[in-house]
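Here is a short tour to follow with the structure open beside you. Take your time and find each residue as it comes up.

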Amino acid sequence: MVISQIGVIGAGQMGNGIAHVMALADYDVIIADVSQEHLVSATRKIAQNLDRQVIAKKISKSQREKALEKIKTTVDLGKVAKTDLIIEAVNEDEELKRKIFHSLMPHLDQHTILASNTSSISITRLASCTDRPEKFLGFHFMNPVPIMQLVELIPGIATNQKTFDECKLVVDRLGKTVARSEDFPAFIVNRILIPMINEAIYTLYEGVGSVEAIDTSLKLGANHPMGPLELADFIGLDTCLAIMNVLHEGLADTKYRPCPLLTKYVEAGWLGRKSKRGFYDYRIGDPLPTR
Ligand code: CAA
C-alpha cells in the first residue's frame, strides 16, 4: 500500500504540528476536531510556523503555499476515516482515545492504519479496543514537531511488521529519524525525560534551588536547550503529570511518584505556556518565575 492521505485527530499543539510536517512532505492531510474554533486556530498556527520556516530559508514560499493547500479540516470524524493512515493526537486521556477509535471503526476502510501519538499510554491496550490491532501502532512525535528530528514508533503486541514498515517509510519521507520502542509505559523518551522533570520539581519543592537556579543549572551545566521547568511548561504540566501517573501505575515503583508540587500546579489550572502560567508567568512581557 502507498500511503498518500493522512488523517489527524485533534487540532492542538501536536495535531497541528503533525499536519504541518505531513503537508510539507506532500501528503494530503485532513484534521478533525470537535471544535471549529480549534480548527481555525490550528490552521492559523500552521501558517505562522510555515512563515517562520520561510523566513529562516528552510522552505520556499511556494512550498508554504502548497503545504497549506494540502490541509483540509473537518468537525466530522467520519471524514478522516477514508484516509490511509490516521494519527490520533488528542489529550492524554485513555477514555477519550478509546471513544474516538470506537466512533471511527464503522467508517474505516479495510486497509487503513490506525496510530496514536500518545506519549505514554499502552499501545497494546488501545489497539485491543479496535477491530485491527495488527494495523495499529504508536506514532509518537516530539514537540515542536516541525523542529524535532525524532519519531518513536511503538508496535503493540499484535502489530504486524508490514504496518511498522509502512509507517517507517512515512517517517523517512518526513526526513525524520525513527527510534523503535517496545510497548512499556512512556516508551523511551518520556521514560527518561519526564522523571528528570519530576526530579527538577522535587528539587524546587525541597528548596534546593529556585526556578531560575534549576533551569540555569541544566542549561549551562548540561547544555540542555531549555531548563527542565521551562520545558515542563512547554510540554504542559497536565501532560507531565499524566505521564508520571502512567509510569507510577504501570511500573509500580515509588521512584516514579509525581511530585506533590506538580499536582498542585495542575489542580490550580497552572498548566504552563498553554494557560499562560506554570513555573513561569507568561501573561506580560518576559516570563517571570512563579516561585
Ligand atoms: N514551527 C516551525 N519552526 C519553529 C517552531 C515551530 N513550531 N518552533 C521553533 N521554530 C524554529 C524557529 O523559527 C527557529 O528557526 P531558525 O533557527 O531557523 O531561525 C528555530 O526553530 C529556533 O527557534 P527559536 O529561536 O524561537 O527558539 P530557540 O532557539 O530557543 O529554540 C526550541 C526553541 C527548538 C523549542 C528549543 O528550545 C528546544 O529544542 N527545546 C527543547 C524541546 C524539547 O525538548 N522537546 C521535546 C519535548 S518532549 C516531547 O515532545 C515528548 C512528549 O511526549 C512530552
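Ser 119 touches Glu 92, His 140, Ala 186, Phe 187, Asn 190, Thr 239 and Ile 243, leaving aside residues up to four places away in sequence; contact here means heavy atoms within 4.5 Å. This is a predicted model, in which local features need pLDDT of at least 70, side-chain atom pairs count only at pLDDT 80 or more, and totals for chains, interfaces and linings use all residues. Residues are numbered from 1 along each chain as its sequence is written, and side-chain values use heavy atoms, with hydrogens and water left out.

**Where Ser 119 sits**
- You will find Ser 119 in the loop between strand 5 (113-116) and helix 5 (123-128); helices (H or I, at least four residues) and strands (E, at least two) are DSSP runs, numbered from the N terminus.
- Ser 119 has a relative accessible area of 9%, so it is buried (under 20% relative accessible area, 1.4 Å probe, protein chains only).

**Around the ligand**
- Among the 18 residues around the ligand, Arg 52, Lys 58, His 140, Asn 143 and Asn 190 come nearest; to count as near, a residue needs a heavy atom within 4 Å.
- Domain 1 (5-180) and domain 2 (191-282) both give residues to this shell, so the ligand lies between them; the domain bounds come from an automatic or database domain assignment.

**Polar contacts (pairs of N or O atoms within 3.5 Å)**
- A side-chain N or O atom of Lys 58 is 2.5 Å from an oxygen atom of the ligand.
- His 140 places a polar side-chain atom 2.7 Å from a ligand oxygen atom.
- For Asn 143, a backbone N or O atom lies 2.7 Å from a nitrogen atom of the ligand.

Technical notes: Polar contact = N/O pair within 3.5 Å; in protein donor to acceptor, adjacent residues only side chain to side chain. Buried < 20%, exposed > 50% of the residue type's maximum accessible area, 1.4 Å probe, protein only.
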